[in-house]
2 protein chains.
Amino acid sequence: MRTTQYLLSTLKETPSDAEIISHQLMLRAGMIRKLASGLYTWLPTGLRVLRKVEKVVREEMNRAGAIEVSMPVVQPADLWQESGRWDQFGPELLRINDRHSRPFALGPTHEEVITELVRKEVSSYKQLPLNLYQVQTKFRDEVRPRFGVMRAREFLMKDAYSFHLSDECLEKTYQRMFEAYCRIFERLGLEFRPVLADTGSIGGSLSHEFHVLAESGEDAIAFASGSDYAANIEMAEAVAPETERAAPGEEMKLVDTPNAKTIEELVEQFGLAIEKTVKTLFVKATEESEAPLIALMVRGDHELNEVKAEKLANVAVPLTFATEEEIRAAVGAGPGSLGPVDLSLPVVVDRAVAVMSDFGAGANQDDKHYFGINWERDVALPEVADLRSVVEGDPSPDGQGTLSIKRGIEVGHIFQLGTKYSEAMKAGVLNEQGAHQVLNMGCYGVGVSRIVAAAIEQNHDDNGIIWSDGLAPFNVAVLPMNMHKSARVKEVADKLYTGLQDANVDVLFDDRKERPGVMFADMELIGVPHCLVIGERNLDEGVVEYKNRRTGEKQKIAIDEVQSFIQQQLA
Amino acid sequence: MRTTQYLLSTLKETPSDAEIISHQLMLRAGMIRKLASGLYTWLPTGLRVLRKVEKVVREEMNRAGAIEVSMPVVQPADLWQESGRWDQFGPELLRINDRHSRPFALGPTHEEVITELVRKEVSSYKQLPLNLYQVQTKFRDEVRPRFGVMRAREFLMKDAYSFHLSDECLEKTYQRMFEAYCRIFERLGLEFRPVLADTGSIGGSLSHEFHVLAESGEDAIAFASGSDYAANIEMAEAVAPETERAAPGEEMKLVDTPNAKTIEELVEQFGLAIEKTVKTLFVKATEESEAPLIALMVRGDHELNEVKAEKLANVAVPLTFATEEEIRAAVGAGPGSLGPVDLSLPVVVDRAVAVMSDFGAGANQDDKHYFGINWERDVALPEVADLRSVVEGDPSPDGQGTLSIKRGIEVGHIFQLGTKYSEAMKAGVLNEQGAHQVLNMGCYGVGVSRIVAAAIEQNHDDNGIIWSDGLAPFNVAVLPMNMHKSARVKEVADKLYTGLQDANVDVLFDDRKERPGVMFADMELIGVPHCLVIGERNLDEGVVEYKNRRTGEKQKIAIDEVQSFIQQQLA
């Protein structure tokens with residue numbers, strides 16, 4: 001490709017609305033442009049990278065025995081009603097009506113559509129197992145799209161769905177897909193980790209996310225120091241403290257705390273240790289519950305884990321915090337003064353709270369707290385559960401050392417779904433015994449467009465992107481210096497360009513009338529791994545200069561050897 | 001690919017709701033499945049063909065100098081408001097609101113989005129010309145989706161947009177794309193014709209459609225007998241009759257015609273020649289017009305051409321026929337008795353009507369017609385225009401012979417748009433003189449998914465689809481006879497399959513425990529061009545049987561020569 005016949009569209013300035021480095025560099029390198037919030041056009045340079053990711057994903061899916069199909073973006077509501085997700089799924093599911101006022105949705109995922117297909121096409125155990133995948137445009141109406149294509153509304157995803165008669169068969173395919181995912185991310189040159197994950201709105205019994213480790217990651221991942229245990233913090237178990245609850249040492253007393261609405265203020269103003277405080281959060285209960293609200297309590301220095309909270313009986317899903325009005329109506333006090341004493345609502349406390357003694361908490365009266373509270377003596381110990389997020393230094397759930405927390409970007413997610421969809425949608429086959437049997441399902445997603453951004457988060461420097469050869473939009477740049485003044489430079493550059501092209505190398509020939517500095521800066525910005533600089537002075541010696549983008553290393557290569565040298569680099 | 005690890009999904013019965021042969025065969029061959037009206041899932045066999053079309057289209061676009069990008073499916077309303085099409089486009093534009101109630105549309109075409117991109121990215125004449133394309137999912141909310149993927153709501157399209165400073169430059173790219181389109185359809189083995197076309201809701205000054213000729217085509221195309229003139233009947237000019245109007249020969253008389261509401265009834269009951277009758281149709285006028293309705297008149301045996309009618313001054317677009325109430329309110333008579341005499345509304349008559357004499361038409365009084373009407377003598381000749389569709393035998397507009405009419409399936413459409421979008425959306429650059437200049441645009445579409453169906457319409461027999469090698473889902477089928485009983489058959493079949501796979505041939509190995517008849521029928525149905533039958537009896541002679549799907553020709557090939565024979569066939 002010649003730059004004069006291409007849309008390079010690099011930017012010198014960093015756009016002010018791009019927060020993370022991959023978003024900034026994708027804009028600056030002319031890879032993407034924003035059309036509207038969460039909607040991006042892929043420019044030629046970005047699309048070239050995206051297609052390379054797609055190709056690797058497709059090859060590994062085929063190798064893993066998955067078969068490619070393509071389902072519509074627009075999905076009829078009735079299938080989502082059948083699975084129950086029409087009501088369960090939040091406003092991320094963009095619901096639309098067609099010209100005849102029939103309801104549809106833009107597909108954020110395709111469990112319903114594939115289950116509908118398989119229940120019609122597959123009737124016998126002989127057709128199983130079956131693993132179908134697609135690489136397709138998805139839409140999620142994110143409340144706050146951000147970070148460019150990292151959390152866009154429209155994005156490219158590979159989603160696969162497998163169907164089985166037995167758990168064993170599902171587990172086997174799950175393992176095969178797990179390995180295929182590892183190969184994908186390895187081939188793309190990413191530093192990644194598979195981690196245990198929550199199954200969320202997709203559902204199922206077991207699930208792993210694949211995370212690209214990066215500071216800017218939106219997810220926190222807990223890693224064990226003594227094993228390869230790794231889990232999304234949403235999922236990582238905070239194990240019960242081994243210490244028993246100490247005996248009461250203080251009397252309980254009611255204290256005026258007019259200026260202490262938060263744990264921080266309480267700690268600061270009254271000299272309490274934060275580990276001796278309890279945070280109380282009210283969430284809505286399910287409609288079937290006796291009380292409208294449920295109180296959840298974690299230690300002052302801990303954070304409520306919302307995913308864990310959603311799994312409690314009687315807690316309404318999605319988790320909804322009570323408003324101040326609702327709290328006042330139920331308790332008679334505001335959010336700054338809540339606690340377990342004299343509370344006539346259901347309470348669930350975290351495991352760490354259950355072993356506390358002599359602690360402080362709101363008195364359920366405005367501007368008052370109790371200090372020196374002790375379970376059983378002052379108030380009965382309520383239901384105990386794992387309610388908090390793990391923190392750095394917590395013991396690992398597998399008993400092997402302690403946990404450390406790192407940030408990750410989720411680029412893949414696989415699920416053992418079991419019969420969630422097949423049961424709701426009556427998808428079954430006749431088994432070997434001639435009896436009807438509901439199908440076992442797995443599903444497997446890769447965020448194809450997100451991988452492009454994640455790769456940049458891991459591979460960049462001050463000058464721009466550093467692509468691996470597998471992902472680079474162009475593998476080689478041919479940079480003639482002042483070609484428009486030197487017939488010799490033009491001739492050598494043309495010849496090198498044509499030779500590399502004929503050898504099927506993705507090569508960019510910068511034939512613009514630009515200063516060398518501009519050309520170098522652009523090629524570093526878009527991250528071309530191998531640069532060939534053709535200048536008068538070097539030609540006197542019969543060489544061109546080669547520069548490696550990643551190592552910065554420069555060397556002179558005899559003109560006749562350039563092509564074989566480059567092919568060696570790319571091999 | 002082994003059939004036991006594939007989703008063949010062939011059907012024995014023809015689905016009752018499939019009207020045309022390609023739709024029937026795509027369902028029976030397991031290529032597509034309907035998800036909802038106008039929404040189809042592509043099964044593995046269909047997707048393989050679709051991807052082959054895509055590949056050819058992409059290669060020819062790249063060869064023509066177009067650069068690939070990818071724009072979102074979901075488009076913000078404000079761009080369509082800027083171009084004026086938010087209001088002009090009918091309900092085929094599916095309008096949606098996101099969770100924040102902001103208006104968007106599912107993209108049926110991308111002129112607005114690409115113009116928005118180019119006005120931001122391109123600022124100098126040095127960056128021109130520029131030709132950008134994408135292969136992308138489009139949505140049109142068809143009022144009556146039909147014929148499977150031929151007229152679906154969601155479909156795959158290649159759309160390209162070019163930008164220029166001068167008409168000459170646009171014309172040059174238009175010509176280059178015209179030739180690229182010809183190469184695409186040639187490479188895909190289609191019998192096609194480029195034809196002059198109307199520019200419709202896309203707009204512009206010149207346009208060609210590319211039609212695959214087939215009985216089931218929705219479009220009628222007029223071809224000249226003496227030249228290569230071809231035009232969509234929407235567009236083909238009905239030239240003015242060379243004959244002059246004959247002098248009046250009859251008196252005009254008012255006739256009671258209580259049972260003649262249609263031309264056919266009038267002709268039958270009163271023995272009038274149909275060429276001596278005039279059909280009057282009332283359509284709505286634009287809001288700026290003096291009268292609410294306009295009367296359009298064509299000869300009794302001619303059809304009003306709605307596309308031509310829409311181009312008349314004062315006619316409201318889209319063309320809307322007046323209701324009986326509106327006609328009665330304006331004329332005082334119903335639709336069965338309308339004509340030019342005593343009519344106080346604007347009238348436009350077809351060129352053929354202008355030369356009629358002694359003709360019959362409604363009297364604008366219920367149940368009455370005038371016979372023997374003559375222009376000028378009885379009523380002033382109104383405005384004359386080309387209003388009718390050409391018919392078989394009409395003179396060709398280029399003067400070279402007469403027209404014949406054939407059916408075609410539109411698979412491509414290219415436009416010289418001019419400045420329609422760039423002017424409305426203020427897309428311009430600085431030209432060589434440093435002055436601001438509005439861009440000239442072209443746009444170029446290929447119906448990628450429709451091509452698959454069109455190819456089948458042209459290439460099938462009673463047994464199923466007949467693919468060219470370029471389009472076939474699999475090029476070779478390896479069919480072992482009773483493999484599960486013969487180790488020798490299995491061994492030879494395995495070896496042939498592996499050898500062909502290693503040579504990168506798309507080969508399907510039918511390893512099902514099925515009767516030979518079932519295997520042959522399935523392979524003929526899905527249209528595999530080359531079949532290799534491996535049976536005990538032939539192996540005794542050291543041969544396998546080869547069958548060519550298109551010619552039906554069979555021959556015996558020595559086992560050792562099969563691979564090179566197949567590679568020759570595919571070369």
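**Notebook: a predicted model of chains A and B**

I began with A:Asp98, which counts as buried at 6% relative accessibility (buried is under 20% relative accessible area, exposed over 50%, partly exposed in between, with a 1.4 Å probe and protein chains only). I note that this is a predicted model, in which local features need pLDDT of at least 70, side-chain atom pairs count only at pLDDT 80 or more, and totals for chains, interfaces and linings use all residues. Residues are numbered from 1 along each chain as its sequence is written, chains are lettered from A in the order in which they are written, and side-chain values use heavy atoms, without hydrogens and water.

**Entry: partners of A:Asp98**

I looked up which residues pair with A:Asp98 in salt bridges (a side-chain nitrogen of Lys or Arg within 4 Å of a carboxyl oxygen of Asp or Glu). Within chain A, A:Asp98 pairs with A:Arg102, the closest N and O atoms being 3.1 Å apart. A:Arg102 is partly exposed, at 35% relative accessibility. Across to chain B, A:Asp98 pairs with B:Arg153, and here the closest N and O atoms are 2.8 Å apart.

I then searched the whole structure and found 94 salt bridges over all chains. Between chain B and chain A the count is six. I also recorded the salt bridge of B:Asp367 with B:Lys261, with 2.7 Å between the closest N and O atoms.

**Entry: the interface**

How many residues does each chain bring to the contact? I found 52 residues from chain B and 52 residues from chain A, contact meaning heavy atoms within 4.5 Å. The two chains bury about 4,300 Å² between them, 64% of it on carbon and sulfur atoms; buried area is the accessible area (1.4 Å probe) that two parts lose on being put together, summed over both. B:Leu35, B:Arg99 and B:Glu121 supply 15% of the area that chain B buries against chain A, more than any other three residues.

**Entry: symmetry**

I laid chain B on chain A with an RMSD of 0.2 Å, by a turn of 180 degrees and a shift of 0.1 Å along the axis (least squares on the C-alpha atoms of residues with pLDDT of at least 70 in both copies). That is the relation of a two-fold axis. Of the residues of chain B, B:Ile96 comes closest to the rotation axis, at 3.0 Å (C-alpha). The same surface serves both copies, as 100% of the contact residues of chain B recur in chain A.

**Entry: cysteines**

I found zero disulfides over all chains (a disulfide is a pair of cysteine sulfur atoms within 2.5 Å). For B:Cys443 the nearest cysteine sulfur, that of B:Cys169, is 16 Å away. B:Cys443 is buried, at 4% relative accessibility.
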